[in-house]
Amino acid sequence: METDKNNITTTENCIKNEELPSSSSPIPPPPPPLPPQSTTVTTKSKVKEESLKIILPENFKVEGVEKNFSVVPEKPVTHVPFVFTFIKNQNSKLKNSKAIISSKWTIDGENIEKLLHYSNSSPTISFTPQKEHSGKELVFEIKISPLVFGQQPQNKSNNIFSKLFNNKSPSSNNNNNNNNNNNNNNNNNNNNSNNNETPVVIEYKHKILFEKNRELLKINEPSASNNHNNNQYRIIQYNILADCYVSDSWYTNSPSYSLRWNSYRSFLLIEQILQYKADIVGTQEVDRLYWQLFKEMNVRGGYEYYPSYDNTIDSPQTTMGGFNNQYREGCFIFFKKDRFSFIQGLEIDYTKLNRPDQKLLKKELVELLIQDPIYKSCITHFLEHSSHHVHHALVLLQDKHIKQKIIVVSKHMYWGSQGNNYHIQCVQIHLFTMILSHFIQVNKLEKNIPIVVCGDFNSSPDDSCYNYMTKGLMMNDDHHLTLAGKYPPAFNSSHFDNQPEIKSIKHDFNFLSAYSSRPDGEPKFTIVSRAFTGNIDQIFVSKDRFKVNSVLEIGEKQDYKMLPSLTLASDHILLMTDLELIPSSQSF
């Protein structure tokens with residue numbers, strides 16, 4: 001099926017042409033494009049927005065009472081801790097006063113008191129909505145003694161919520177909570193009547209937001225000979241948005257609290273990945289501060305990962321494979337440790353290609369490549385001095401059950417658009433296939449070894465990089481391969497082939513994009529951001545070694561509006577496919 005020529009819509013003047021730098025001047029990442037006019041907040045479900053409501057007693061004269069309470073996030077979302085905080089100040093006298101008279105929390109009318117967590121250090125009451133709470137209505141009502149804002153109350157009722165304001169352990173005496181609460185509420189009502197204390201009432205009501213369910217689209221039926229799913233692999237591709245690229249000024253469509261990794265985005269993103277129980281997860285823009293991701297994927301998900309990662313909460317120093325602290329984000333591959341044995345890994349660092357000690361390609365081949373002015377500018381300037389999109393990951397795994405070896409790659413291609421640095425992408429994708437061929441040859445692997453390439457390719461199905469991956473060649477008349485109006489001389493160089501004149505650059509891998517197997521072909525978009533909306537993420541697989549049985553549908557544009565949102569933590573959309581391994585004897 002023909003792909004829409006307008007698959008990627010970019011804003012005008014999105015990036016200036018990048019000039020060749022001096023050897024001493026690193027190349028910064030390209031500036032962000034100009035924002036579009038719309039700044040719609042995505043809520044993923046139709047809800048009435050209701051803020052925290054505070055009802056004060058008649059003749060109550062204390063000002064700024066609303067500043068003593070907060071809820072974060074403002075809207076409850078599944079998997080994200082929802083925290084009500086009583087902000088202590090010099091007038092509160094909270095430590096030894098029984099400030100909270102009563103409290104009632106429900107979801108669709110059902111009491112959730114047993115799901116609440118109390119902390120007397122803040123003090124806070126928190127609740128983390130789970131998937132079964134999706135779309136249901138969270139309601140709470142808290143009554144607070146008005147005397148806490150002035151003089152200390154004479155009555156010191158001992159109820160369940162007093163644990164917030166004394167030194168008792170929050171976990172003590174939970175079994176008697178309901179009985180104590182009922183008795184204490186009755187006592188409080190009598191005491192309030194005697195002391196004429198009309199409480200300050202805090203009310204909150206809102207639907208619990210959630211990620212919309214996505215359809216698993218069946219492409220092919222599993223083979224009857226597939227025994228116990230031993231030949232089935234579930235693959236995820238996900239650019240998870242590095243924290244170093246997030247700012248309130250850029251992502252204005254979302255409230256600032258929803259952009260924070262530690263307190264918000266981490267809870268959404270980790271659960272989003274783990275729910276699918278994939279065998280392999282290819283990720284990009286993994287920030288070196290994302291220690292929670294590695295911990296949860298390993299402990300809860302049962303994944304190992306490559307490259308190595310070492311970080312602790314107490315230490316700001318982070319090691320990401322051999323990259324150390326040189327890079328803030330990178331590509332990682334997670335794989336189920338009960339399914340695969342790790343044989344070997346390769347850090348594809350394009351900044352090192354021109355070094356004498358590099359082992360990605362034969363030294364003689366690199367020397368030939370840089371004789372071409374375009375390849376030289378890309379290898380020795382753009383890629384060598386860039387800090388973004390130049391370090392990819394490759395692993396050689398072996399299935400523990402069927403003993404089949406598999407190559408998995410996670411890539412993040414150099415950013416560019418047609419007419420703006422696009423030749424760098426084309427050179428980089430050509431270098432990648434040569435590095436992949438070299439890896440197979442050096443390790444004496446079978447020529448038709450199964451390969452999965454996950455990535456943010458920063459190019460659409462209409463572009464040369466996609467066509468190069470799926471068709472195996474780039475022609476020398478490709479209008480994308482221009483630099484100051486000149487075609488790369490390398491295409492006409494005999495260094496790349498034994499023929500006297502070369503009209504194309506080729507590779508021998510027979511790749512298929514998993515999502516191209518959909519009846520409608522490639523989806524229109526895999527990213528929805530201020531910069532543009534389009535299809536730039538793909539999962540390429542060996543066409544003669546894998547059968548695509550299903551893909552996770554993306555849905556319609558109105559399902560997303562703008563990313564990241566309150567329910568989705570990245571500006572990219574998670575891709576997933578179920579593959580079936582074709583035995584080597586049956587491949588063609």
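How many helices and strands does the protein have? I get seven helices and 29 strands, taking DSSP runs numbered from the N terminus: H or I of at least four residues for helices, E of at least two for strands.

**Ground rules.** This is a predicted model, so I note that local features need pLDDT of at least 70 and side-chain atom pairs count only at pLDDT 80 or more, while totals for chains, interfaces and linings use all residues. Residues are numbered from 1 along each chain as its sequence is written, and side-chain values use heavy atoms, with hydrogens and water left out.

**Overall.** I looked up burial for the protein: 54% of the 588 residues count as buried (under 20% relative accessible area; exposed is over 50%, partly exposed in between; 1.4 Å probe, protein chains only). Then I checked contacts (heavy atoms within 4.5 Å). Among those between residues at least 6 apart in sequence, 79% join residues at least 24 apart.

I traced an open sheet with strand order 11-28-29-12-13-17-14 and mixed pairing; two strands pair if DSSP finds at least two bridges between them. Strand 11 (216–218) and strand 14 (303–306) are the edge strands, each pairing on one side only. From one strand to the next, the twist averages 25° (axes are lines fitted to C-alpha atoms, for helices over the stretch in contact, and angles run from 0 to 180 degrees between N-to-C directions).

I then went through some pairs:
- Strand 11 and strand 28 are antiparallel, with three bridges, and Lys-218 sits opposite Ser-550 of strand 28.
- Strand 28 and strand 29 are joined by five bridges and also run antiparallel; here Val-551 is opposite Thr-577 of strand 29.
- Strand 12 (residues 232–239) and strand 29 (residues 575–581) share six bridges, again antiparallel, and Gln-232 has Glu-580 as its bridge partner in strand 29.

Why is strand 28 (residues 546–552) called largely enclosed by the rest of the structure? Because six of its seven residues are buried.

Next, the helices on this sheet. Helix 2 touches strand 12, strand 13 (280–287) and strand 14, and its direction makes about 160° with that of strand 12. Helix 3 (residues 291–299) lies across strand 13, strand 14 and strand 17 (329–336), at about 10° to strand 17.

**Cores.** I looked for nonpolar cores, meaning sets of buried Ala, Val, Leu, Ile, Met, Phe, Trp, Tyr and Cys residues joined through side-chain atoms within 4.5 Å. The largest has 64 residues, and Ile-236, Ile-273 and Leu-293 have the most contacts inside it. Helix 2 (residues 261–274) gives the most to this core, seven residues. Leaving aside neighbours within four places in sequence, I find Ile-236 in contact with residues including Ile-273, Tyr-276, Cys-454 and Leu-574. Another core lies apart from it, with 48 residues, among them Tyr-350, Tyr-422, Tyr-466 and Phe-511.

**Helix 5 on helix 6.** At what angle do the axes of helix 5 (residues 373–382) and helix 6 cross? Roughly 85°, and they come within 10 Å. The two helices are therefore roughly perpendicular (65 to 115 degrees; under 35 is roughly parallel, over 145 roughly antiparallel, the rest oblique). Residues making the contact include Ile-374 and Phe-382 of helix 5 and Val-427 and Leu-431 of helix 6.

Ala-531 is in the loop between strand 25 (527–528) and strand 26 (532–534), and counts as buried at 10% relative accessibility. Ala-531 and Trp-250 are 281 residues apart in sequence, yet 9.9 Å apart in space, C-alpha to C-alpha.
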